[in-house]
Amino acid sequence: MTADPLPALRKQAGQTIAIHAAGLGLWAWVLSLLGGDQWFLRILLATLATGLIWGFTWPRLIQNHPPAAPDRIWSTLGAANLLTLTRTGLLTLLASLIPPLAPGSPLDWAPIALWSTAVALDGLDGWVARRRDRVSHLGATLDIEADGLGVLIAAGVGIASFALPVWFWITACLRPAFALGIGWRHHQGRPSADWPPSVTRRYIAGLQMVGLGMVLWPGMDATLTWVVAAGLTILLIGSFARDWGCVTSMPVALALQHKLHRGRIRNLRQVWLPTSLRPLAGLGVLTALGDRVDLQDSPEVLAVSGLLLTAAFLLVGGWWVRTAALLLMLGVGLLSTLLPYVPSMALAVVVGMGLFLLGKGTGAAQHLRAQTGGRRPVSRTP
């Protein structure tokens, strides 16, 4: 490290801004050829998103240090932060697609392509930071803000194209409202506790990313889209309400937090519910497919059906449950673009969301044996 790392760090950040600007210029040219009307509005939205990202990032370059060592400022952004900034660049391009594209546009697949790539980079940047021992306060802050911005932009694209209901804005605005609420409490001089640790919060965020990708997929059934939107809204409102109650030390929320990890509620959430949902996933897939798949169907239908059957087999058997749950959700979404909607599709998606959130579960039989000291439970009936 140099005596003053900030000049070199700002130089690299300036070069990254120039790359973003060049990418935006190239995208503007593509939009002028294929994007139809509203070209100026599209570029304006992308430019505003770029300005918002760098207006947030530039003054925080000084935070490019390990979380526990604020005096060790790195003179380079590092691969992980560059990946995060690449993700934000893709999100600015996605913002240009908020004005709905014309039906049958050559860019129909652009929203899902941009969103899927951004989600993949979201999973990669943290791994690279840990792998290279370059976890930084700047990277953690950028990652959180990029997540929030990405949800706002993706929701905007979905709502503007009528793929998502208007009330989904509630979900997209939850995190900004939460941050504003905490900031207002600090302004009022009222104390706030730290966010309680929660693995479930990460899984809900993962569901949000996958769910938004599903609704951005061209041609997904409107009813199934509504089911995904409703499920995400319920989960996110519950998660933020719980976090708000814990952060503000509300007695009801603290008591609920305690009960979620103790006693019968914990057993229901970690044992009985996931154990019950796993065979239900297989039932949902088999009922959704029914007798509508035969050798005369298109190769696409057969491929998606094979994916769904594989996911159902893994779920029922309890193997790679969270991965299989994602495959189940994505497979049902794809199936709805190829075959008419049936209620079993909604059942399969809801079950997939539940299993991704809850995981495999310890199993009811194993749980009962553990409670009886490894012995089989003895019936008390004559």
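Contact here means heavy atoms within 4.5 Å. The model is predicted, so local features need pLDDT of at least 70 and side-chain atom pairs count only at pLDDT 80 or more, while totals for chains, interfaces and linings use all residues. Residues are numbered from 1 along each chain as its sequence is written, and side-chain values use heavy atoms, with hydrogens and water left out.

**View 1. Gln208 in helix 8.** Gln208 lies in helix 8 (residues 199–216); helices (H or I, at least four residues) and strands (E, at least two) are DSSP runs, numbered from the N terminus. With a relative accessibility of 9%, Gln208 counts as buried; buried means under 20% relative accessible area, exposed over 50% and partly exposed in between (1.4 Å probe, protein chains only). Its contacts, leaving aside neighbours within four places in sequence, are Val151, Thr171, Leu232 and Leu236.

**View 2. The whole fold, for orientation.** The protein has 15 helices and zero strands. Of its 382 residues, 45% count as buried. Among contacts with a separation of 6 or more, 77% join residues 24 or more positions apart.

View 3. The 19 residues of helix 2 (residues 39–57) should span 27 Å at 1.5 Å a residue, and the end C-alpha atoms are 27 Å apart, which agrees; the expected span of a helix is 1.5 Å times one less than its number of residues. Buried in helix 2 are Arg42, Ile43, Ala46, Ala49, Thr50, Ile53, Trp54 and Thr57. These residues cover an arc of only 125 degrees around the axis, which puts them on the same side of helix 2; the arc is that of the directions from the helix axis to the C-beta atoms. An α-helix has 3.6 residues a turn, so residues three or four places apart point the same way. The buried residues of helix 2 pack against helix 1 (6–34), helix 3 (78–95) and helix 5 (137–160). Phe40, Leu48 and Leu52, on the other side of helix 2, are exposed.

**View 4. Positive phi in two loops.** Most residues other than glycine have a negative phi. Gln38 is not a glycine, yet has a positive phi of about 60 degrees. Gln38 sits in the loop between helix 1 and helix 2 and, at 37% relative accessibility, counts as partly exposed. Trp320, also a residue other than glycine, has a positive phi near 45 degrees. The loop that holds Trp320 runs between helix 12 (299–317) and helix 13 (321–336). Trp320 is exposed, with a relative accessible area of 67%.

**View 5. Leu94 in the largest nonpolar core.** A nonpolar core is a set of buried Ala, Val, Leu, Ile, Met, Phe, Trp, Tyr and Cys residues joined through side-chain atoms within 4.5 Å. The largest has 94 residues, and Leu94 and Leu328 are those with the most contacts inside it. Apart from neighbours within four places in sequence, Leu94 is in contact with Pro111, Leu114, Trp115, Ile153, Ala154 and Val157.

View 6. Helix 14 (residues 343–358) reaches 23 Å from its first C-alpha to its last, close to the 22 Å expected at 1.5 Å a residue. Among the buried residues are Ser344, Ala348, Gly352 and Phe356. Just after helix 14, Gly359 takes a positive phi of about 85 degrees. Gly284, in helix 11 (residues 263–289), is buried, with a relative accessible area of 0%. Not counting residues up to four places away in sequence, Gly284 touches Ser344, Leu347 and Ala348. Gly284 and Leu347 are 63 residues apart in sequence, but 5.9 Å apart in space, C-alpha to C-alpha.

**View 7. The largest pocket.** On a 1 Å grid over the protein atoms alone, a pocket is an open set of points with protein on both sides within 12 Å along at least five of seven lines, and a cavity is a set where a 1.4 Å probe fits but cannot get out; lining residues have an atom within 4 Å of a point. Grid points are joined across faces, edges and corners, and a volume is the space filled by probe spheres set on the points. The largest pocket has a volume of about 1300 Å³. Of the 41 residues that line this pocket, Asp122, Asp143, Asp147, Arg202 and Ala205 are the closest to its centre. Helix 8 gives the largest share of the lining, nine residues.
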